[in-house]
Amino acid sequence: MSELDGLKALVTGGASGIGLATARLLAARGARVAVLDLDPSGATEPLLGFKADVSDDASVRSGVAAALEALGGLDILVNNAGIGAAGTVEDNDDDQWHRVLDVNVVGMVRVTRAALPALRASAHACVVNTCSIAATAGLPQRALYSASKGAVLSLTLAMAADHVREGIRVNCVNPGTADTPWVGRLLDAADDPEAERAALNARQPMGRLVSADEVAAAVAYLASPAAASVTGASLAVDGGMQGLRLRPV
Ligand code: NAD
């Protein structure tokens, strides 16, 4: 018997990168998995794909309803959909701030709100939010993105506190730079993508990026019965980027 046999999972942003790797891994471990995405075409069998925009409440409510009807309930919610933004506070205007916070933070709130009644009916209810080391690392040129992920970290803790007595666990994963289509797009935009990738690898403590599958494995752990006593936790999957204090010797 597989670890997640009989459980039902919903993964937002599950048609690409970390979300897709997570959806596939949860399915490989026995869960029935639905994906909610702006473009669900990447979520192929056995994943059930549903189109929804997490920045639009009506779209979320109908997307979650359709997904939960197809799944027949919900045990595991993975709030993963997110977008990036580069720059200092002088570089992003109000519209950009509202847009990124709306997707990265309020998007998680909307989906969780729509999913909570189904989670309350589950004997194995949990939420895993995709945060980032940006929440606490003080990264340069990432003011808006870092603020959005700082809010995700606080939201995770607040949700964990609000729902612990209902038996709903809430945790987050904090990936470092992960090798996903998102990062691929950023590298492709550079003058010399290969040189940029080499420089990015060289900046990592392990000399390489984190893989989407490695982040997915952490999400699958937090979503599993093995983590039954884990709530309000954030699990870094960052190759040591934040925990290690590497200094030249
Ligand atoms: P990705 O671009 O490969 O995948 C993101 C997915 O989210 C896409 O399928 C996209 O269609 C979907 N999406 C975007 N906006 C949406 C919306 N409004 N409604 C519904 N779906 C939407 O990105 P990724 O690298 O896999 O990132 C996934 C998550 O991981 C994000 O929350 C991101 O902040 C976080 N993260 C990524 C990295 C990294 O280095 N890649 C590091 C730390 C955290």
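Which strands does helix H8 (residues 212-222) lie across?

1. Helix H8 lies across strand E4 (76-79), E5, E6 and E9, and runs at about 165° to E6. Angles run from 0 to 180 degrees between N-to-C directions, with axes fitted to C-alpha atoms, for helices over the stretch in contact. Helices (H or I, at least four residues) and strands (E, at least two) are DSSP runs numbered from the N terminus.

2. The model is predicted: local features need pLDDT of at least 70, side-chain atom pairs count only at pLDDT 80 or more, and totals for chains, interfaces and linings use all residues. Residues are numbered from 1 along each chain as its sequence is written.

3. The open sheet has 7 strands in the order E3-E2-E1-E4-E5-E6-E9, with parallel pairing (strands pair if DSSP finds at least two bridges between them). Strand E3 (48-51) and strand E9 (234-237) are at the edges with a single partner strand each, so one side of each has no neighbour in the sheet. From one strand to the next the twist averages 20°.

4. Strand E6 (residues 168-175) pairs with E9 in the parallel sense over 4 bridges. Ser234 in E9 is the bridge partner of Cys172.

5. H5 packs on the sheet and touches strand E5 (125-130), E6 and E9 (contact: C-beta atoms, placed from the backbone, within 7 Å). The direction of H5 makes about 165° with that of E6.

6. Ser154 is found in helix H5 (residues 143-163). Ser154 is partly exposed because 13 other C-beta atoms lie within 10 Å (buried: 20 or more; exposed: 12 or fewer; partly exposed: in between; C-beta atoms placed from the backbone).

How values were computed:
Two residues are in contact if their C-beta atoms, placed from the backbone, lie within 7 Å.
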